[in-house]
Amino acid sequence: MSADQPRTLSVGFVPGVTPGKWVARWRERHPEVPLELHQHDDAVAALRDASDDVVFVRLPVDRTGLHLIPLYEEQPVAVMSRENELSLYEDVPLGELEGEDLLDVAACGGPKTAVEVAASGAGVVVLPMSLARLYARKDAVHRPVPGLPATTIGIAWRMEDESDDVEEFIGIVRGRTAQSSRQPSQREAPKKSAAQKAAAKKAAAQGSGGGRASKGAGRPQQGKPARPSGTRGKRR
């Protein structure tokens, strides 16, 4: 990490995303750099105004001025009242949704309210499974709808932000190991190691005349005859 660190790394995420495993790896590898988590309905706005350094977003988003890497897909599900006949399906056929009043999430004021409306029996709302689980209610159920396109979760950061800690976190999310040479925290390690090795060799060569002494090692001392090799002779 660069000399001006540590600094707090601020990570934002939209509801339904669980960045816990990446946060745990960061805190294990870099306990000296605090990490803060913030949930936002509009994580991109928090990224653009620099409230957060990196954010987990649900696509599609406006990518202008942003780096963005897709990470994984979310399965779409239909959320409905327990009294709705669609709840009898394990997987709801896409055609069965045509006869239902499909709720508009934005018009309902967000996914949480949309689930409440669906639970009342006033309609059915289609959401990513992560949101259906997040806002689950006892009076509502959700069922997969295989015919609908999946949504995608990605990680985004500002193009002008080239700080080491952001790059380090992106590398963790992408699955790089702590020893990866592509991680900023490891780029200077080989140079430092080489310098340390060179200094150690220099110290070994110059310290206490060790090099000269080693050349004379094993020679018999002057004025004393050398003992023959092999075992000592027995007295007769």
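This is a predicted model: local features need pLDDT of at least 70, side-chain atom pairs count only at pLDDT 80 or more; totals for chains, interfaces and linings use all residues.

User: How many residues of α6 are buried, and which are they?

Analyst: In general, an α-helix has 3.6 residues a turn, so residues three or four places apart point the same way. As for α6, this helix is mostly covered, with 8 of its 10 residues buried. They are Asp 165, Val 166, Glu 168, Phe 169, Ile 170, Gly 171, Ile 172 and Val 173. Just after α6, Gly 175 has a positive phi of about 95 degrees.

User: Is Thr 8 buried or partly exposed?

Analyst: Buried requires under 20% and exposed over 50%, with partly exposed in between. Thr 8 has 33% relative accessibility and therefore counts as partly exposed. Thr 8 is found in the segment before β1. Not counting residues up to four places away in sequence, Thr 8 touches Pro 34, Glu 36 and Asp 53. Asp 53 is also among the contacts of Asp 161.

User: How far apart are Thr 8 and Leu 35 in sequence and in space?

Analyst: Separation along the chain and separation in space should be read side by side. Thr 8 and Leu 35 are 27 residues apart in sequence, while their C-alpha atoms are 5.6 Å apart. For the whole protein, consider the contacts with a separation of 6 or more: 71% of them join residues 24 or more positions apart.

User: How should I read a strand such as β1, and what covers its faces?

Analyst: Strand β1 (residues 9-13) has 5 of its 5 residues buried. Leu 9, Val 11 and Phe 13 are on one side, Ser 10 and Gly 12 are on the other, and both faces are covered. What covers them is a separate matter, but the partners of β1 can be named. β1 runs parallel to β2 (residues 35-39), joined by 5 bridges, and pairs in the parallel sense with β3 (residues 54-58) over 3 bridges. Val 11 has Leu 37 as its bridge partner in β2, and it stands opposite Val 54 in β3.

User: Which helix makes a β-α-β unit with β1 and β2?

Analyst: A β-α-β unit is described by its parts and its handedness. Here β1, helix α1 (residues 20-29) and β2 make a right-handed unit.

User: What lines the largest pocket, and which classes of residue are present in its lining?

Analyst: A pocket may be described by its volume and its lining. The largest pocket has a volume of about 410 Å³ and is lined by 22 residues. Arg 58, Val 105, Pro 111, Pro 128 and Leu 131 lie nearest its centre. By class, the lining has 18 nonpolar, no polar and 4 charged residues. β6 gives the most, with 4 residues.

Definitions and conventions: Residues are numbered from 1 along each chain as its sequence is written. Side-chain values use heavy atoms; hydrogens and water are left out. Buried means under 20% relative accessible area, exposed over 50%, partly exposed in between (1.4 Å probe, protein chains only). Helices (H or I, at least four residues) and strands (E, at least two) are DSSP runs, numbered from the N terminus. Two strands pair if DSSP finds at least two bridges between them. A crossover is right-handed if, with the strands pointing away from the viewer, the path from the first strand over the helix to the second runs clockwise. Contact means heavy atoms within 4.5 Å. On a 1 Å grid over the protein atoms alone, a cavity is a set of points where a 1.4 Å probe fits but cannot get out, and a pocket is an open set with protein on both sides within 12 Å along at least five of seven lines; lining residues have an atom within 4 Å of a point. Grid points are joined across faces, edges and corners, and a volume is the space filled by probe spheres set on the points. Ala, Val, Leu, Ile, Met, Phe, Trp, Tyr, Cys and Pro count as nonpolar, Asp, Glu, Lys and Arg as charged, and the others, Gly among them, as polar.
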